[in-house]
Amino acid sequence: MRIGELAARAGTTTRTLRYYESRGLLPARRGGNGYRTYDEDDLKLLRQIRTLQDFGFDLEETRPFVECLRAGHPEGDSCPASLVVYRRKLGELDTLIEQLTSVRAQVAAQLTRAEAAAPGGPEPKCELGGRG
C-alpha cells in the first residue's frame, strides 16, 4: 500500500509517517516508481506505536517494541528491552499517582478547613449574573 492508504488505515497523517520514517521507526521502502510502499507488518508497527503513545509513552520509548516486532515477536513487548521500558513506565506512573494522591489530600484538607471557617455563613453572591 502507499503512504496515504497506510496513514488512513492507521488513523494518522502522511506527515507523521514521514517523521516516523526519519526517526527509523518505520521502514523506508520504495517501489520501482519511487513511491513509498508499505505492508500489513508496517500497519502493525504503527498500531503498536499509537497504542503505546495513547498510554503515555513518548515516541523514543516505542523503539524497543518496534524492534521486537521487527525481530518476529508477534506482540512486540516480549523482548527484554520492551520489558525494561514497561518497568520504567510503571515506576513513572507510580510516582505520578503518589504525587496526585498527595495533592488530592492537600486540596481535601483545604476544603475541610474552608468549610469549617464559615459554618452557616452567608452564601456567596454571584457577581456575573443579572447585571448589564
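Colleague: In this predicted model, which side chains does a polar contact of 3.5 Å join at Thr12 and Arg50?

Modeller: A polar contact pairs N or O atoms within 3.5 Å. Here the side chain of Thr12 is joined to the side chain of Arg50 by such a contact, at 3.5 Å. The Thr12 side chain also makes a polar contact with the side chain of Thr16, again listed at 3.5 Å.

Colleague: Where is the place of Thr12?

Modeller: Thr12 sits in a loop, with helix 1 (3-10) on one side and helix 2 (14-22) on the other.

Colleague: Is Thr12 buried or exposed?

Modeller: A residue counts as buried under 20% relative accessible area. Thr12 has 15%, so Thr12 is buried.

Colleague: Which residues is Thr12 in contact with, leaving aside neighbours within four places in sequence?

Modeller: Ala7, Leu17 and Arg50 are in contact with Thr12 once those neighbours are set aside.

Colleague: How are two packed helices described?

Modeller: By the angle between their axes and the distance between the axes. For helix 1 and helix 3 (residues 40-54), the angle is about 40° and the axes are 10 Å apart. The two helices are therefore oblique to each other, and their crossing is right-handed.

Colleague: Which residues in helix 1 meet helix 3?

Modeller: Leu6, Arg9 and Ala10 do, and on the helix 3 side they meet Glu40, Asp42, Leu43, Leu46, Arg47 and Arg50.

Terms used
Residues are numbered from 1 along each chain as its sequence is written. This is a predicted model: local features need pLDDT of at least 70, side-chain atom pairs count only at pLDDT 80 or more; totals for chains, interfaces and linings use all residues. Side-chain values use heavy atoms; hydrogens and water are left out. Helices (H or I, at least four residues) and strands (E, at least two) are DSSP runs, numbered from the N terminus. Buried means under 20% relative accessible area, exposed over 50%, partly exposed in between (1.4 Å probe, protein chains only). A polar contact is a pair of N or O atoms within 3.5 Å; within protein, one must be able to donate a hydrogen and the other to accept it, and residues adjacent in sequence count only if both atoms are side-chain atoms. Contact means heavy atoms within 4.5 Å. Axes are lines fitted to C-alpha atoms, for helices over the stretch in contact, and angles run from 0 to 180 degrees between N-to-C directions. Angles under 35 degrees count as roughly parallel, over 145 as roughly antiparallel, 65 to 115 as roughly perpendicular and the rest as oblique. A crossing is left-handed if the near helix is turned anticlockwise from the far one by less than a right angle, and right-handed if clockwise.
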